[in-house]
Amino acid sequence: MATTPSFPELLSLVDDRSAALRAAVATAPEHDAPVPGCPAWSLRDLVAHVGKVQRFWAVTVAAGPRDKPPTQEMVGDTTPRGDLVAWSADSAASLLTALRAAGPEQGCWAWWGASEAPLTAGAVARHQVKEAAVHAYDAQQTVGLREPVPAAVAVDGVAEFLTVSYGTSGPWPHRPARVGRYAAEGSSWLLDLTPSGAVIARDAEESPAAAVHGSAGELLLALFGRIPLHRLRIEGSRALVEALLAWPSLD
């Protein structure tokens, strides 16, 4: 497994992927084009979603340790106003300002309490890298750009997804199994699926029932349903991989 980026590196990646999203949006002749990865959304909807999420987490981090998420009154108005790209830049800036002020160890509310991820500003920063990266890819795809997710983002993004998204999905509803993911960049992860839930395995003694191979970017995008499974190489049970991809709801 790869090492999680440092807190300053995570902030830099949030900034970079947010800027990549804005750069793509800035090239669009209009903002009503449908987003291939999110068919119900227009490009404007995509930017509004990312900005709303970033503003929400800015307030959440600034509020410090809490048992509940901030109220809508605390978060305030998250409707895009004025120039869409400028509003998006302000959204990212508010998140980064809150994260820098908090530091990586400050506690805060987060929805992933059932997982092994900590309830800290550092964990929020890590999650927001993935959020910005996948939606930057969405924006680029909408305007016809074909840029891969940077490896520095994707490698940790896969690890974070396995820990948080699968770690909060509850009991595995099928026969217990182990699935391996192998990135071309050299990182790999083994995920154990059990009646108690999903956890990243700490041992490699048991061989996986299915193994998925591709670049880290492809592995991440497949987890989010952005690319079809045939883009990856699968060894072992394809049915298991399909069941796993269908398991956590990302709506």
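How many residues does helix H5 have, and how far does H5 reach from its first C-alpha to its last? Helix H5 covers residues 121-142, which is 22 residues, and reaches 31 Å between those two atoms. That is close to the 32 Å expected at 1.5 Å a residue, where the expected span is 1.5 Å times one less than the number of residues in the helix.

Before we walk on, a word about the model. This is a predicted model, in which local features need pLDDT of at least 70 and side-chain atom pairs count only at pLDDT 80 or more, while totals for chains, interfaces and linings use all residues. Residues are numbered from 1 along each chain as its sequence is written, and side-chain values use heavy atoms, with hydrogens and water left out.

Now step back to the whole protein. You will find eight helices and seven strands; these are DSSP runs numbered from the N terminus, with helices (H or I) of at least four residues and strands (E) of at least two. The radius of gyration is 18 Å, close to the 18 Å that the globule rule gives for 251 residues, so the protein is as compact as a globular protein of that length. Here the radius is taken over C-alpha atoms, and the rule is 2.2 Å times the number of residues to the power 0.38. Along its principal axes, the C-alpha trace spans about 55 × 40 × 30 Å.

What share of the residues is buried? Buried residues account for 52% of the 251, where buried means under 20% relative accessible area, exposed over 50% and partly exposed in between (1.4 Å probe, protein chains only). After H5 comes Gly144, with a positive phi near 90 degrees.

Ser88 is buried, with a relative accessible area of 5%, and Ser91 is buried with 0%. Leaving out residues up to four places away in sequence, Ser88 touches Leu21, Arg22, Val47 and Gln54, a contact meaning heavy atoms within 4.5 Å. With such sequence neighbours again not counted, Ser91 touches Gly51, Gln54 and Arg55. Across the protein, among contacts between residues at least 6 apart in sequence, 69% join residues at least 24 apart.
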